[in-house]
Amino acid sequence: MPSLTTDIRDGIAHVRIDIPGEPVNKITAGLRDELGRMFDAIQADSSVRAAVLISAKPDSFIAGADIDEFVQLKSGDAAIELVRTGQALVNRFATVGKPFVAAIHGACLGGGFEAALACSYRVATDHPKTQLGLPEIQLGIIPAAGGCQRLPRLIGARAALDIILAGKVVPARRAHRLGMVNELVHPAILEQVALAAARKLAAGWRPGPSTRGVTALLLDRNPLGRKVVFSAAAKQVQKRTGGNYPAPLAALDAVEHGLKHGIAAGMDREAKHFAELAVDEVSRRLVEIFFATTALKKDSGVEAPATEAFEVKNLGLIGSGFMGAAIGGTAVLNAGVDVRFRDTQLGQVKKGLDAARKILQARLQRRRLTKFEYRRLEPLISGGADWAGFGRADLVIEAVFEDLDVKRQVFSELETQVGDGCILASNTSTIPIAHIAEATQHPERVLGMHFFSPVEKMPLLEVIVTDATDPGVTVAAVNFGRKMGKTVIVVRDRPGFWVNRILAPYLNEAGRMVNEGVSIEDVDRAMKRFGFPVGPITLLDEVGLDVAHKGSGVMHREFGERMTPTDGLVRMIDAGRLGRKSGRGFYRYEKGKKKTVDPAVYEILNVQPRPVPNADIEKRLVFALLNEAVRALDEGVVRSPRDGDIGAIFGIGYPPFRGGPLRQLDGLGAAHVVDTLDRLAKAYGDRFAPAEALRRMAESNLRCYPNQQE
Ligand code: 3H9
């Protein structure tokens, strides 16, 4: 079955794309052949005066080049061939001699957007599913079918770099404001409006640039203005990537080169960079993450298909403090459900309602939400100091103080207030869910939903299941988490679950090094260089030293010696240093902003700071984490290495270009990791002793991802 159908009416070719059997349109080898033939036919047919390119899929225009295809590339030469073919084809939208109008509904990304950019006119639907952009950087490559050339020429270098360098995808309305599309219409009239534009273009009409485009282009023509834009962008890239991701600088070069030397020369640069990047390890890791998150979107969270999963429409929240309010606000915003808060004091309820509304208001201010949507969503938030409304709840999430007795009390009372099918979830980050569930008559309805702070921004949700949790309950919670916009991993009910479990030895080791007199800046700097978004000591300040201490106590009790926390943390807490929230921790804070390390900390810890090589810091911290990750994987805390890596990347910012701890471990080889840990154990103590599972892997030359060889 063909992917393209062309019919010609009144001199306008209607070119419809629909790759059979695929959920999205993507530029495959087959589609490239068909597009080539379509261009030949349109060029040869003198009756055709203009054309409209439209998709027949419900919500996909073209999602870009076929990622499956470019990950198969084995050499730079093969990559050059692929990119050259792609470029030549996309160019034909501009050079075929008949104006093309792109009628865009659904995802218009990467090569798909580059094709639209090569068209003479772009009409997009004002629909949430219509998203446009160049996400290539997220895959470790660059837009290489003219995107680095045509977008800056359309909307100006500064706005284009903002999209290209961050791999941004923007909703249609924003794309229209930026000048990326010419017209925004209701989906019902998309084809009609596109046809009208095609007719006008056929009659010789040429659309002028958007006002935004004109101002931006004036700046781009001024060499000095351009220099300022590019050097600021280079600095920003360096700051954001720490030099660990080669693609953004390559894209910057392709844009700059093209603006200086013309489109053709710019496309040569795109091709050269693409060919190098597409076969690079960084891109391979980032593409694996794309496929892992895509697969997770479809994973029900249980092995056998659950029979009775249901949809959550009414959410109850116990506790309207910082976390509760953020969970409620995010649930309304992304899942559009009715949210009812309960707290003990009405004053606290009001604070929570205000904080939840603030999440909606922030979206409204950033124009990510229309006034209409805001007015629809805002009344869904309500609350009180009683149980009113909880009888209708399908899911209640408890977000009260981290204390087992308090939580048990809440759950046993809660159970008497809700209907029979209601799911009871705790947002605890450390307390075993089974201990909470013991307080209920129906442990099969209890699970954990561990959100990360700030909830509205952090992409991960851990759904924690006990041996008693009903699979249908798990599936419903997973589905709801996804509706809230989260990437969800299902984890076993072991202390720390997955994310805090692997984080604990890493943070402990960082604290221990500072306790030994290693400079705080050195520890943070080393781990930022490794690729973490913030260093571990800054992270401790963010989490709160009292919270971290409490968590490490739980881990120590459960796992013994190897999780022994440092006494330094206690001394810091005794000195009233709780981290950012108290204005001082390891660092000083002024008006909430992090300042320098406070030298008084070294006095409290009774040490003289001394520099230590990055490599030593990195080894101790990273290998402690890798060791724990294998141990937890072996205990079945996560269902697969894929979930473990995604949890580490999205939960603690484990450097994506390393693919996650388990992927990295495979790259290093289990034998090497065991050897390093043995040496660390000799030098620093038994806590580094390799996990049994790791030794087994090393002995039998096994990997975490058994089916993939490097
Ligand atoms: C590029 O264009 C390079 C050019 O500049 C240069 C060329 C020379 N390829 O996510 P979903 C699959 S690079 C292959 O669940 P949604 C996806 O794997 C490309 N497969 O749906 C999944 O497969 P399966 C730049 C793709 O509605 C299925 O489609 N483009 C591609 O939640 C459904 O996907 C991108 O980076 C693709 N390009 O989200 C866009 N796109 O069912 C990447 C999707 O077998 N794609 N699939 O598991 C996305 O961001 C989302 O998939 C999209 C749909 C928003 C499109």
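**Note on the predicted model**

1. The protein exposes about 30,100 Å², of which carbon and sulfur atoms supply 53% (Shrake-Rupley method, 1.4 Å probe). This is a predicted model, in which local features need pLDDT of at least 70, side-chain atom pairs count only at pLDDT 80 or more, and totals for chains, interfaces and linings use all residues. Residues are numbered from 1 along each chain as its sequence is written, and side-chain values use heavy atoms, with hydrogens and water left out.

2. Along the principal axes, the C-alpha atoms fill a box of roughly 80 × 60 × 50 Å.

3. Of the 710 residues, 55% count as buried (under 20% relative accessible area, 1.4 Å probe, protein chains only). Among contacts with a separation of 6 or more, 75% come from residues 24 or more positions apart (contact: heavy atoms within 4.5 Å).

4. Arg687 is found in the loop between α29 (670-684) and α30 (692-699) (helices are DSSP runs of H or I, at least four residues, numbered from the N terminus). Arg687 is buried, with a relative accessible area of 19%.

5. The side chain of Arg687 makes a polar contact of 2.7 Å with that of Glu509 (a pair of N or O atoms within 3.5 Å, one able to donate a hydrogen and the other to accept it). The Arg687 side chain also reaches the backbone oxygen of Tyr684 at 2.9 Å.

Key:
Buried < 20%, exposed > 50% of the residue type's maximum accessible area, 1.4 Å probe, protein only. Helix = DSSP H or I, 4+ residues; strand = E, 2+ residues; numbered from the N terminus.
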